[in-house]
Amino acid sequence: MNSQAGASRLCCAYVLLVILHAFATAVTAQDAPDDDADILHVNISDDNHPHAKANGKDSDCPTLEGADHMSQTQLLTRLTHVCRYDRLERPRESLNGKSRPVKVFARAYIYFMQNLEAHDLQFKIHALLQFRYVDPRLVFREVAPNRTKPIMGEQSLRDLLWVPHVFLANERSSDILGTAEKDILTSISPDGTVIVSTRISATLYCWMNLQKFPFDEQHCSTVLESWMYNLDDLVLLWEHKSPVTLAPELHLTEYVLLEMFTNETIINADLSDLRHGAFAGNYSSLSFTVHLAREMGFYMMDYFIPSIMLVAISWVTFWLQADQSAPRITLGTSTMLTFITLASAQGKTLPKVSYIKASEIWFLGCTGFIFGSLVEFAFVNTIWRRKRNVEVKKVNSKHVLKQALTPRPARKDMSGLHKSHSCTSLADSATTVSANSFNNYLTVHSFPQKSNSSQTLPVITTTDVDRSPSDAQSNGNVAIQIDSQTDSGTTNGNGWTTMTPQEVAIWIDKRSRFAFPIAFVIFNVFYWTVAWIAKNNMVRRLLVSFLAFLHLAIDKLLYVCLKWYWGPSKQRCPTLQRKQLIVTYSAVELAAMIRKREVTCYEVVSAFIDRINEVNPLVNAVLDGPIIEALDEARRIDERLQQGAIDEAELAAKPFLGVPFTTKDSTAVKDRLHTLGIVARRGVKSNNDAECVRLMKEAGAIIIATTSIPEINRWQETRNNIIGQTNNPYDNRRTVGGSSGGEGALLAACGTPIGLGTDIGGSIRMPAFYCGVYGHKPTTGVINTRGCSLRTGREPSTMVVAGPMTRYATDLLPLMKVLVGPEVSAVLKLHEPTDIRKLRYFYITESGDIKCSAVQTQLQKAMDRVVEHFSQLAPGGVKKVTLSGTEKTTNMWRYWMTQEPANFGTLLGNGKPLSPLVELAKKLTGRSEYTMASIYSLIDTLLPQEKEDVIKELTRRCDQELTELLGDDGILFYHSTTHAAPYHYAAFVNVYNFSYWCLFNVLHVPATQVPLGLDGDGLPLGIQVVASRNRDRHCLAVAEEIERVFNERIPPFIVD
């Protein structure tokens, strides 16, 4: 019974459960579409969707099960449900637990581009902008494997999604195109890739430079920037393939499209300029720029040819007689007014700018010729109405114009000149005046008549202007008529020619008929030549070739002149005795020998001090030293080593224990002279060590001297008025460069194993090249510059860096580890080895700067040897490349020098600003305390400055190209300069040859100067090794490889 009853209850419960399940299923089926009925089944794979809730557990979050059978709208609605998707949040991706920014790839298609509106500095485009990015929240590949086509929609779809807010930074106005609806197309691919395409119309600003108008070329950009998200959240990138495409039918009526290029950059925004609303930070930016050249046809037909015709018409007045005032004045003024009207109509289309345009030069030239014809008429008309003849020694331009401008009476028998009379008392004249003639008080001179005189004087008669001469007596109104006996002038007995005013006027008119057209033709030749050069690249290249030839000729002449000036003989460093060979060892070797007690620290320091005393009379490099106190410090180190008081930990912390070093005068050394090379600081000493000096002392090194510099480090030669000129140890007639010239000379002469320099425009690498040693310019900012040239080390932006100089490449890396400190050393990865076989190599043969001399043949051969070696070493070989902007290196460096925190004029004046012109006057009178090089640098501040926007854009492009070229594993071989060490004073002519060094100060990248043997004159050759920022170890590794393979550092002395 009980079992039967239990079975019955179980059966009833089962039937009830089935009925309830059927009821629930029916109700759910009524709520859902028939084709979605199967989505109620739990799909385990749905739990793996990145934004799915636990299906069946959250009734508010619709499941994605059966997505293959959903409609596009249903799938999209569930993908973007609030439980999975927040359109106010950007897509999130992470790598190693760190959030990564969204990468948004852009592409543009230009349908239409309107001509530039110069007056408003703007242009208009119709374009399709397309943005592509990946949103992991919209991936439906796993839940709908059979759905391979993307979800497509228009603005309604776009409104459901998170879309990057990108704005046109240089827009004046913009709008989305469309008729019934806005032209917006949105697609979502199964892998979550979102593509948003929008057709827009935009009016954009183009900051035009009209100096060469109408021969100008313009660069107009379309700039896209992220509005809300900075670089931590969003990065804008161009598509790798066809980022910008122009419609094939696109045509501009006034311009020709020369080229188009894209750019990716970073924009810094802060709260002061509100560039990005209330947000500060670094924002990603894209731009595409079109390079346009103006067509000349319209301006030739509507401006230049009519201008030429109007100027020619103004010359018609030269064929009219000088007394025909009415027609000549009418013709001249009407021509002038017509031309001004023509020019003003053309100028109305241009904005008002402060600089002079090429069209205005044409306007001024043509106006000058038209105005000149009017002035010529006024001049000859005045001469025509004169009443006196003139005598000229010769009938030519010089004498006729001289007499016309400063007329004098007839020269014949000037001593017989009678007192002046009025017209009523010309009793002795050849003309009789009637008694009833009125007194008109015309004052004339009466010349005596002599029977034997061959001169015929003009006859003055008075006639009535309304009557014939016979009736002149009856009227008081008279006219004066001057009758000449000849039309071409009469030669008197003294050889002088007498010309009437009318003859002079006609003579001037006749000459003007030829002078004005010839002058106008000359003006046209010069104007159109310059215009054609500006417009035509071929002519420009021919001009560049001519200038290069001229530069070569000047270099040869300069070489000959300076060689004659300095004499045929040269002096080299004193011979090195074999017992002094210890001074030829590397710093690393010396440190190891001292630690192992193979040599005492005192012996090392004293050997270098003795060498300084031997070589300094020739090179004149030491400004303060040798420092005898260094010997006492060397003794203390020897005593501690002998006593075993220095443990391994201290030895590890002091890798250069007991090794001597020197530094340039501008780098502060406590209690030593710190003159900066200027007389006003002759006895000034520093109270503290510069940061790099402090680090060297902490590493165990001993300072033994400070070396000479040019005044305030600002010249290519080391010369000052404290100790004079520093000479090259290879040839005392040659320069050591600057500004670390004393360090370079002392290193080459083995007066020190280590030198510290600073570099703002090649100041480490230039002396290293000229003196045949190694010098490394680190990445800007990795070495603290406190104490260098009065700097605090906290300057926000500067090109100045401190760095090491050595005789051996193997010393550079250990010194860099000391100078940057352990933290920066870890960032630079200086402790990691570099496999030079895995690096990529490039080289550039010349900068392209026409202001520089041509690169010496032996320098080219030196580079070829390096290129050949690394072509065999590296799998990818060595590729020849070019960089945009290298031809304007000195322009870039000159601009960025004006942005340096320190003012050269104030530093030179020891805190007091100096006037360039006053100092120049003092120098010319022998009363200035500064060198000519410093005054030259002062005068440069008065010259026109570089254009900020042009230089910044040029620097940006050059920096971007170099960064993209080198990446993290690239090396660039670049010439050091154009010639080996030149004669002293050659830098005043070849001012710009230092540009090969200063390029890398502008770009803030590391560069190592490496010696490569000697040229035919026994002077060092070399090359620069360049890497991208913070890749100093790559430069140093390649320098060590070159030293190992070539080993071509030849000292400037003989070992006896």
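Biologist: Which helix does Phe-379 lie in?

Modeller: Phe-379 belongs to helix α6, which covers residues 358–384. This is a predicted model.

Biologist: What makes Phe-379 partly exposed?

Modeller: Its relative accessible area is 26%. Buried means under 20% and exposed means over 50%, so Phe-379, at 26%, counts as partly exposed.

Biologist: How far apart are the C-alpha atoms of Phe-379 and Ile-508?

Modeller: They are separated by 9.3 Å, while the two residues are 129 residues apart along the chain.

Biologist: Why is Phe-526 called exposed?

Modeller: Phe-526 has a relative accessible area of 58%. The cut-off for exposed is over 50%, so Phe-526 is exposed. Phe-526 lies in helix α8, residues 501–535.

Biologist: Which residues make the nonpolar surface patch that includes Phe-526?

Modeller: The patch consists of Phe-514, Ile-518, Ile-522 and Phe-526, and its area is about 470 Å². Members of a patch need over 30% relative accessible area; Phe-526 has 58%.

Biologist: How do you know that helix α15 is largely enclosed?

Modeller: 8 of the 8 residues of α15 are buried, so the rest of the structure largely encloses this helix. Among them are Glu-743, Leu-746 and Leu-747. After α15 comes Cys-750, with a positive phi near 65°.

Biologist: Which strands does α15 lie across?

Modeller: Helix α15, residues 741–748, lies across β20, β21, β22, β25 and β27, and runs at about 155° to β25.

Biologist: What is the order of the strands in the open sheet of 11 strands?

Modeller: The order is β20-β22-β21-β25-β27-β26-β31-β32-β30-β28-β29, with mixed pairing.

Biologist: Why do β20 and β29 stand at the edges?

Modeller: β20 (622–624) and β29 (878–880) each have a single partner strand, so one side of each has no neighbour in the sheet. Neighbouring strands of this sheet are turned by 30° against each other on average, direction ignored.

Biologist: What makes β21 and β25 a pair?

Modeller: Strands pair if there are at least two bridges between them. β21 (residues 660–664) and β25 (residues 754–759) are joined by 2 bridges and run parallel, so they pair by that rule. Thr-662 has Gly-755 in β25 as its bridge partner.

Biologist: How many strands form the open sheet that contains β6 and β13?

Modeller: That sheet has 4 strands, in the order β6-β10-β14-β13, and the pairing is antiparallel. β6 (166–168) and β13 (255–269) are its edges: each has a single partner strand, so one side of each is left without a neighbour. The twist averages 20° from one strand to the next.

Biologist: How many bridges join β10 to β14?

Modeller: 9 bridges join β10 (residues 217–226) to β14 (residues 281–294). With at least two needed for a pair, these strands are therefore paired. His-219 stands opposite His-291 in β14.

Biologist: Why is the contact of Arg-90 with Asp-233 called a salt bridge?

Modeller: The rule asks for a side-chain nitrogen of Lys or Arg within 4 Å of a carboxyl oxygen of Asp or Glu. The closest N and O atoms of Arg-90 and Asp-233 are 3.2 Å apart, so the pair meets the rule.

Biologist: Is Arg-90 buried or exposed?

Modeller: Arg-90 is buried, with a relative accessible area of 2%. Asp-233 is partly exposed at 23%.

Biologist: Where does the salt bridge network with shared partners lie?

Modeller: Glu-691, Arg-694, Glu-698 and Arg-786 are joined into one network.

Notes
Residues numbered from 1 in each chain as written. Predicted model: local features only at pLDDT ≥ 70, side-chain atom pairs only at ≥ 80, totals over all residues. Heavy atoms only, no water. Patch = residues over 30% accessible without salt bridge, like charges linked within 9 Å, V, L, I, M, F, W, Y side chains within 5 Å. Areas by Shrake-Rupley, 256 points an atom, 1.4 Å probe, with all protein chains shown as cover. Buried < 20%, exposed > 50% of the residue type's maximum accessible area, 1.4 Å probe, protein only. Axes fitted to C-alpha atoms, helices over the stretch in contact; angles between N-to-C directions. Contact = heavy atoms within 4.5 Å.
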